[in-house]
Amino acid sequence: MTFFEKAGVDPVTFEILRHRLFAINDEAAATLRLVSGSPVANEAYDFNTGVMDAAGGVFVLGIYIGIHSISLEHVVKYILAEYGDNPGINPGDMFLCNDPYYGAMHQSDVVCVSPVFCGKELVAWTGAAIHQVDVGGSVRGSQCSLGAESIFQEATPIPPIKLVEKGVVRKDLKQAYLRHSRMPQVVELDLRAKIAANNTARRRIEELVNEYGVETVRKVIAAISDYTELMFRERLKDLPDGSWKHHYYMEYQDKVYPCHMTLTKKGEKLVFDFTGTAKQAPAVINCTLPGARGGILVALLQYLCYDIPWSPAGIERTIEVIAEPGTLVNATWPAGMGKSTTGGIQAAIQLSAICLAKMLAASEKYEDRLMAGWIGGFGTQELFGADQRGDPFGAVFLESMVGGSGASSIADGVDTGGMLHSIACCKANVETYEFRYPVLYLYSRQQTDSGGAGKFRGGMGFSAMYMSYGVKEIPWCLMLRFSPESAEATGVVGGYPGGSSVFAFKRKSNIRKLFEKGSMPGSLDDIEGKLELPPAAHISKLGRDDVWIRQNDGGGGYGDPL
């Protein structure tokens, strides 16, 4: 019996509906970008949309931040398990959540999911997640509560709540949600964007059901995950059995947290074992097990699923994750999660990617598909204060999106190729940031020689130099890196690592005198002032004459450079 005979659907109908469902999810993502007023969503693309089956398994995942797929899945599965009777799950409902212990990646990645009914029958779920500029907590930007001893000192986590009831937004809950934020107007627009995305996907799925019938649509939904599982198992059969290891190190508050992974492949199964990883930190850099699974998933999608449908529900059936509770990648309550996406989750991504690269290097058939490490030590900067018009502003500079990609066994890595866990992330336009925020770019460029050396070199990373502009000072500036002392874009098969992330300041500089002379500096060395190299996590002010730079990792190299 063929696959399609078992699935109860003919191959032509399957392909038509499969592509229709992926197109529906793409339309939902486009709707979200158009409604959101935040550069985070509509320029840097730090969001994603997905469609889930009736049980919560993600069978269609968007091309944006991949880790959000696990968020959608876990939030929906909790709602199904706990909310059926009270508060109930009805047509037109939507649920909001940013609690990492219920599936969100961290408090700033707010999830919104919605059931899709055909009559009284639940046939699917739609979902969207966006990184929010601010969701409250003890620090502006919500993500890095330095010195926090638990999640209670971070932004308040919100378990799943029914924010939209039978098509009507609950005004009381909306106000309670927005009250947490220092930037409620931006957060409300993002909320509207997620609601619009879910409504768009729901309407399109209802149209599909009306056209093909509920049974056919349900069978195709199930078959998409089954088909992905089948193709993925066939891929695993072609790969060698064995075990591969890698290590990753994070620094936080002058302490180094080692993270370890052993990947074991046997037959049609992959086991990702984090044994030996450090105990959880008090706050900020931990992730929950769903976060670690999300990191593993995005590495699998990029390294092994380049020609397989991105249906996480099917792929997850073939993997096992071993992570001791109470560790950095499986933190337990009340550990804080404020920056898990660039902490524990990033560790899971890098560990998984390099172990998979080593596995592919052992395969004659698939060696040309391996990649060295991509940007690994994410540096983020957040600015808050009054802008050049005197209005409050909050900015998350997501230029960490454009690090170098890893070299392959047949070519150099892509310069400023992006991030491993998003094939569609972008750097926001310089003009957008200069218009919205009181900053001036002195340059924005690819950083020469930042890619790791090798037979094929890693892609170059990104660098930029800035100054405050139009204001006397920017009163709050966060510069954050979790692995400044080690290059995390690892080289493979003898390749060298890419350059690591860098932040640096020139305080009370002569930049304006240089402008008066008609001179434009090309580096910090061209500027007089007091050089300041901040620690891994640093909060300060930016004065009128302060200049600062950031540099992202280059990609790792492949093969002996000699």
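At the start of helix 2, a side-chain oxygen of aspartate 10 comes to within 3.1 Å of the backbone nitrogen of valine 12 in this predicted model. Helix 2 itself runs over residues 11–35, a stretch of 25 residues. From its first C-alpha to its last it reaches 36 Å, close to the 36 Å expected at 1.5 Å a residue.

Most residues other than glycine have a negative phi, and most peptide bonds are trans. Against that background, the peptide bond from asparagine 86 to proline 87 is cis, with omega near 15 degrees, and proline 87 belongs to helix 5 (residues 84–88). Tryptophan 333 and proline 334 are likewise joined by a cis peptide bond, with omega about 5 degrees; here proline 334 is in the loop between strand 11 (319–322) and helix 11 (344–361).

Positive phi values turn up in loops. Tyrosine 45, although not a glycine, has a phi of about 60 degrees and is placed between helix 3 (39–42) and strand 1 (47–53). Because its relative accessibility is 19%, tyrosine 45 counts as buried. Threonine 416 has a phi near 40 degrees and lies in the loop between strand 13 (392–397) and helix 12 (430–436). With a relative accessibility of 21%, threonine 416 counts as partly exposed.

Turning to the rings, the whole structure contains 22 aromatic pairs. Tyrosine 78 is partly exposed at 24%, whereas tyrosine 83 is buried at 12%. The rings of tyrosine 441 and tyrosine 466 have centres 4.8 Å apart and planes at 55 degrees, so this pair is tilted. It links distant parts of the chain, strand 14 (residues 439–446) and strand 15 (residues 462–468), with the two tyrosines 25 residues apart. Both are buried: tyrosine 441 has a relative accessible area of 9% and tyrosine 466 one of 0%. These two tyrosines belong to an aromatic cluster that also includes Phe393, Phe397, Tyr433, Tyr437 and Trp548.

Charged groups meet rings too. The charged end of arginine 369 sits over the ring of tyrosine 306, 4.1 Å from its centre, and arginine 445 lies over the face of tyrosine 443, at 3.6 Å from the ring centre.

Terms used:
Residues numbered from 1 in each chain as written. Predicted model: local features only at pLDDT ≥ 70, side-chain atom pairs only at ≥ 80, totals over all residues. Heavy atoms only, no water. Helix = DSSP H or I, 4+ residues; strand = E, 2+ residues; numbered from the N terminus. Expected span 1.5 Å × (residues − 1). Polar contact = N/O pair within 3.5 Å; in protein donor to acceptor, adjacent residues only side chain to side chain. Buried < 20%, exposed > 50% of the residue type's maximum accessible area, 1.4 Å probe, protein only. Phe/Tyr/Trp six-rings, centres within 6.5 Å; stacked < 30°, edge-to-face > 60°. Lys NZ or Arg CZ within 6 Å of the ring centre and 35° of its normal.
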